[in-house]
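Here are a few exercises to work through with the model open beside you. Try each task before you read its solution.

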Amino acid sequence: LSAYRVFLPGLGYPGLAMSRALGDLVAHNLGVLEEPEVHINIALDSNSEVIVASDGIWEKKDEKDVAIPLFEAKDPWTAARTVVEQARA
């Protein structure tokens with residue numbers, strides 16, 4: 001993993017591997033960034049799709065494995081659920 005491990009001060013646990021927890025001010029006190037990394041003015045074709053997912057997805061699935069269920073699903077909720085279930089398998 002490329003992320004550092006986060007421990008409670010003076011303890012050897014929980015040892016959670018993370019680098020950012022959006023809005024989590026408690027984790028911020030342990031050194032985790034609470035602010036998202038934001039990129040603006042990214043050039044996209046007019047027929048482009050944007051897929052936003054965490055490392056839990058991208059460490060298990062590549063772009064193609066994520067995109068196919070999204071295009072085959074009937075609705076966004078079903079698509080997201082399918083991708084998560086596949087990543088957990």
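**Exercise 1: A helix pair**

In this predicted model, α3 passes α4 in a right-handed crossing. Your task is to describe how the two helices are placed and which residues meet.

*Solution.* Two packed helices are described by the angle between their axes and the distance between the axes. Step one is the geometry: the axes of α3 and α4 cross at roughly 145° and come within 8 Å. Step two is to list the partners. From α3, the residues D65, V66, P69 and L70 take part, and they meet A79, A80, T82, V83 and Q86 of α4. Step three is to sort this contact by class, which gives six nonpolar, two polar and one charged.

**Exercise 2: The second largest pocket**

*Solution.* Then classify the lining, which has eight nonpolar residues, no polar ones and one charged. Finally, the space in this pocket is about 170 Å³.

**Exercise 3: The largest pocket**

What is the volume of the largest pocket, and how does its lining divide by class?

*Solution.* The volume is about 420 Å³. Around the pocket lie R20, L22, I42, L44, V50, I51, V52, A53, S54, D55, G56 and W58. These divide into eight nonpolar, two polar and two charged.

**Exercise 4: Confidence**

Where is confidence lowest, and where is it highest?

*Solution.* Take the whole protein to begin with: its mean pLDDT is 81, and 93% of its residues reach 70 or more. Then go by element: strand β2 (residues 14-17) is lowest, at a mean of 73, while α4 is highest, at 91.

Definitions and conventions
Residues are numbered from 1 along each chain as its sequence is written. This is a predicted model: local features need pLDDT of at least 70, side-chain atom pairs count only at pLDDT 80 or more; totals for chains, interfaces and linings use all residues. Side-chain values use heavy atoms; hydrogens and water are left out. On a 1 Å grid over the protein atoms alone, a cavity is a set of points where a 1.4 Å probe fits but cannot get out, and a pocket is an open set with protein on both sides within 12 Å along at least five of seven lines; lining residues have an atom within 4 Å of a point. Grid points are joined across faces, edges and corners, and a volume is the space filled by probe spheres set on the points. Ala, Val, Leu, Ile, Met, Phe, Trp, Tyr, Cys and Pro count as nonpolar, Asp, Glu, Lys and Arg as charged, and the others, Gly among them, as polar. Axes are lines fitted to C-alpha atoms, for helices over the stretch in contact, and angles run from 0 to 180 degrees between N-to-C directions. Helices (H or I, at least four residues) and strands (E, at least two) are DSSP runs, numbered from the N terminus. A crossing is left-handed if the near helix is turned anticlockwise from the far one by less than a right angle, and right-handed if clockwise. Contact means heavy atoms within 4.5 Å. pLDDT is the predictor's confidence in each residue, from 0 to 100.
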